[in-house]
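These are my notebook entries on one structure. I wrote down what I looked up, entry by entry.

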Amino acid sequence: MTDIIEPSEVGALGIHHAGCWECDLSDESLGWSGGVHDIFGLPRGVSVTREEAVGFYAEHSRAAMERLRAYAIRHRRGFTIDAEIRPATGGASRWMRLIAAPVCDGDKVVRLHGLKLIV
């Protein structure tokens, strides 16, 4: 028996897929690892704006994520949320765990970064 879980095809989403991300608050630019692209059903390496990314969230998850994000920036706190997203490839929605932590310069949050994984 093997512990390795292989996707059914190259680029397909594996069962335990995860990736790293960051958002520069000065211009809202995103940095995503290949795993985050996979979670959202987007080709690896494609640039994604924050506006495009939040468009994949189901409305109830987007609203909750935006509230937590604002609180995290205001109070220099991290957060975790399970969010429903609709991948770019279409089909059924999926649940993703978003883990975020602030990166500070003195007392000011300059970036958020963390992990996203399928749950």
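**Entry 1: a buried charge**

I began with Asp38, which is buried at a relative accessible area of 10%. Buried means under 20% relative accessible area, exposed over 50%, and partly exposed in between, taken with a 1.4 Å probe on protein chains only. What does the side chain of Asp38 meet? It meets the side chain of Arg44 in a salt bridge, at 2.5 Å from N to O. A salt bridge here is a side-chain nitrogen of Lys or Arg within 4 Å of a carboxyl oxygen of Asp or Glu. Arg44 is exposed, with a relative accessible area of 52%.

**Entry 2: what kind of model this is**

I noted that this is a predicted model, in which local features need pLDDT of at least 70 and side-chain atom pairs count only at pLDDT 80 or more, while totals for chains, interfaces and linings use all residues. Residues are numbered from 1 along each chain as its sequence is written, and side-chain values use heavy atoms, with hydrogens and water left out.

I then looked up the confidence. The chain averages a pLDDT of 89, and 87% of the residues score at least 70. pLDDT is the predictor's confidence in each residue, from 0 to 100. Over residues 1-16 the pLDDT is below 50, and beyond near neighbours in sequence this stretch has 9 contacts in the model. A contact means heavy atoms within 4.5 Å. Where pLDDT is low, the predicted coordinates should not be read in detail.

**Entry 3: the sheet**

In which order do the strands of the sheet stand? I found 5 strands in an open sheet, in the order β2-β1-β5-β4-β3, with antiparallel pairing. At the edges are β2 (29-32) and β3 (79-85); each has a single partner strand, so one side of each has no neighbour in the sheet. Neighbouring strands are turned by 25° against each other on average, direction ignored. Axes are lines fitted to C-alpha atoms, for helices over the stretch in contact, and angles run from 0 to 180 degrees between N-to-C directions.

I kept two definitions beside this. Helices (H or I, at least four residues) and strands (E, at least two) are DSSP runs, numbered from the N terminus. Two strands pair if DSSP finds at least two bridges between them.

Next I took the pairs one by one. Strand β4 (residues 94-105) and strand β5 (residues 108-118) run antiparallel and are joined by 10 bridges. Ala101 stands opposite His113 in β5. Helix α3 (residues 59-75) packs on the sheet and touches β1 (18-24), β3, β4 and β5, and its direction makes about 160° with that of β3.

Strands β3 and β4 pair in the antiparallel sense over 7 bridges. Ala83 stands opposite Met96 in β4. Is β3 enclosed or open to the outside? I read that 5 of the 7 residues of β3 are buried, so β3 is largely enclosed by the rest of the structure.

How many salt bridges does the structure hold? It holds 8. In one of them Arg62 is joined to Glu59, with the closest N and O atoms 2.5 Å apart. Both Arg62 and Glu59 lie in helix α3, 3 residues apart, which is about one turn of the helix. Arg62 is partly exposed, at 22% relative accessible area.

The side chains of Arg97 and Asp82 also meet in a salt bridge, at 2.6 Å from N to O. This pair links distant parts of the chain, since Arg97 is in strand β4 and Asp82 in strand β3, 15 residues apart. Arg97 is partly exposed with 31%, and Asp82 is partly exposed with 33%. Salt bridges that share partners join Glu28, Arg50, Glu66 and Arg69 into one network.

**Entry 4: positive phi**

Most residues other than glycine have a negative phi. I looked up two with a positive value. Phi of Glu28 is near 65°; Glu28 lies in the loop between β1 and β2 and is partly exposed at 29% relative accessibility. Phi of Arg76 is near 55°; Arg76 lies in the loop between α3 and β3 and is partly exposed, with a relative accessible area of 42%.

**Entry 5: cysteines**

Cys20 is partly exposed, with a relative accessible area of 45%, whereas Cys23 is buried, with 2%.
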